[in-house]
Amino acid sequence: MPLSDPERHIVDELERRRDELVQLTSELIAFDTTARNPDDPPRDEAALQEHLARRLRDAGADVDVWEPSAEEMAGRPLVPPGLGFEGRPQLVARFEGAGGGKCLLLNGHIDAVSAEPIDRWSSDPFTAEVRDGSLYGRGSCDMKGGVAAMTLAAQVLAESDVELAGDLIVATNTDEESSGAGSSAIVARGIEADAGIVTEATSFDVWVACRGSEYGVVTVPGRPGHAEVFQRSWREGGAVNAIEKATVVIDAMQALRSDWSTRAGFEHPYLSKPDVLPTMAAAGDWAVTYPASCELTCAVLYLPSQADEQGWGSKVRREVEEWILRETARDEWLAENPPVFDWWASGVMPMEIPDDDPIVGAMLDAGADVGQRGKLFGLDSWYDGATFTHLAGIPSIAFGPRGFPTEPGGPSIAHTLDEHVPVDDLVRCAQALAVCAMRFCGTA
Ligand SMILES: [Zn+2]
C-alpha cells in the first residue's frame, strides 16, 4: 500500500538524518561490548546503555536502566547458574502513546561476538569505517546497526507531529550471544507489549521461527593401559581405547541426524532439519597410554514441534540419550560401560509465531512500502524474540538490515571478519520500523 502523508514525512526525515544514523551506529561499535564467558569482567556495557538512555530521555521517553541482581535472576530461565550482572545494565525506554492503541516493543542486544583474530580485519573492528557504501565494524550488522536504526526511528517519531496511540518501547539488553540472560532480565522486570520486533540482521525478511538448542557432554568410557604393549581383550582385563569407542557414539549421532532428516512431521517451512553433532572432543592423558575416557561436547538443534509441554528441550534430551544408548549397546564394551550424559543447564527454547499474527503482516507490508520486500523466514540458531514470545507472551518477530542468510546455506556477514552493514539498509530499516510502529500502534 502507498505511504500516507504522515508516513512519507517520517520516511523522508529518516533519510535526511542518514549521517546521524551512521554516526550513532559508529558510536555503538566503539563501545567494547564483546560477549562474555561467565566469569569475564564487564566492559563498556554500562557506558553504551547510558549513551542510549540519554538520547532516548532527551527525546521524551521514560527510561529505566537497571542492573539486575544475581539473586533475583538465579534460577530464572536462560540464566546460567551463578551469573551476575554487575556492570551490565538493561534498558527499557517507554514513549507513552495517546491511548487506545497497541503497544509495540523494539528490542536489540548490545553484546557482539569476539572480534578475534583482530589482525585479520581490514580495519579496526571497534573504529567503524564506511567503505563502498557499507559500514564496517564488529557488531555493525549483529546488531548495533539494528539498535541504532530502531533508536533513531523511535526518536524521529517522538520528535515529529505524529502522535502514536499505543506505547512504543525501546529495550536493549546484554547477554544474547552467550545465554539469553539479558532478555530474561527484561522479562523479569515485567515488560508488557502486544508484539515485539527484534532488529536482528534478517536481510529484510521477517523471522517468525527459530530452533532451540541443548548442549551437553557425553563421556565415553575406556580403560587405560600401555599403548606399546599387546593388550588382551577387555573381558580379560585389557585396555580399551576411549577415542575409538567415541567413534561409535559419533556414528550413533550421525544415524540420529539422518533419521531426523527424513522423519515425517520434521519439515518446517522456515527452519532447517533438527541436528545433533559433536563440537568438541577431549581425551587422553599420555601419548603412550590408552585414553581412559573421551568427552564429546555435543550440540542439539531442534524444531518447535520437538519441544516438551513447557516449550523446552527435555524430550529432545531424552530422545538423544535413548538413541545413543540403544545404538551403542551393540558394542559389548559400551553395553556394559555405557556413555554418560551431562547436559548443560543453559538450553534455549525454539519458537514460532503464526503467519497471521498482526505484527507479521504489518512488518512485511512496512518493509515492502519503503522498498524492501522481504519474505517470511526463520533463524536456524536462536534470538531474543523467543524469550519475549515464550516468557512474556509478546509475539516477537525479527526484522533488520542485511546480515544473516535469506535461504538455507546462503551467505552471512554476521560473526565474521570485516563484518559490515550497508548504510542504505540502516536507513531502510529505520524507515520500515517507523512505518510499522505507526500502523501497529495506531496514530491519535
Ligand atoms: Zn544477534
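Let us begin with the open sheet, in which three strands follow the order E4-E5-E16 with antiparallel pairing. Because strand E4 (129-131) and strand E16 (420-422) are the edges, with a single partner strand each, one side of each has no neighbour in the sheet. Neighbouring strands are turned by 30 degrees against each other on average, direction ignored. Strands pair here if DSSP finds at least two bridges between them; E5 and E16, which run antiparallel, are joined by three bridges. Tyr-136 stands opposite His-420 in E16.

This is a predicted model, where local features need pLDDT of at least 70, side-chain atom pairs count only at pLDDT 80 or more, and totals for chains, interfaces and linings use all residues. Residues are numbered from 1 along each chain as its sequence is written, and side-chain values use heavy atoms, with hydrogens and water left out.

The elements of the sheet region are DSSP runs, numbered from the N terminus, with at least four residues for helices (H or I) and at least two for strands (E):

| Element | Residues |
|---|---|
| Strand E5 | residues 134-136 |
| Helix H12 | residues 423-441 |

Helix H12 lies across E4, E5 and E16, at about 65 degrees to E16.

His-109 in strand E3 and Asp-142 in helix H5 link distant parts of the chain, 33 residues apart.

Definitions and conventions:
Axes fitted to C-alpha atoms, helices over the stretch in contact; angles between N-to-C directions. Contact = heavy atoms within 4.5 Å.
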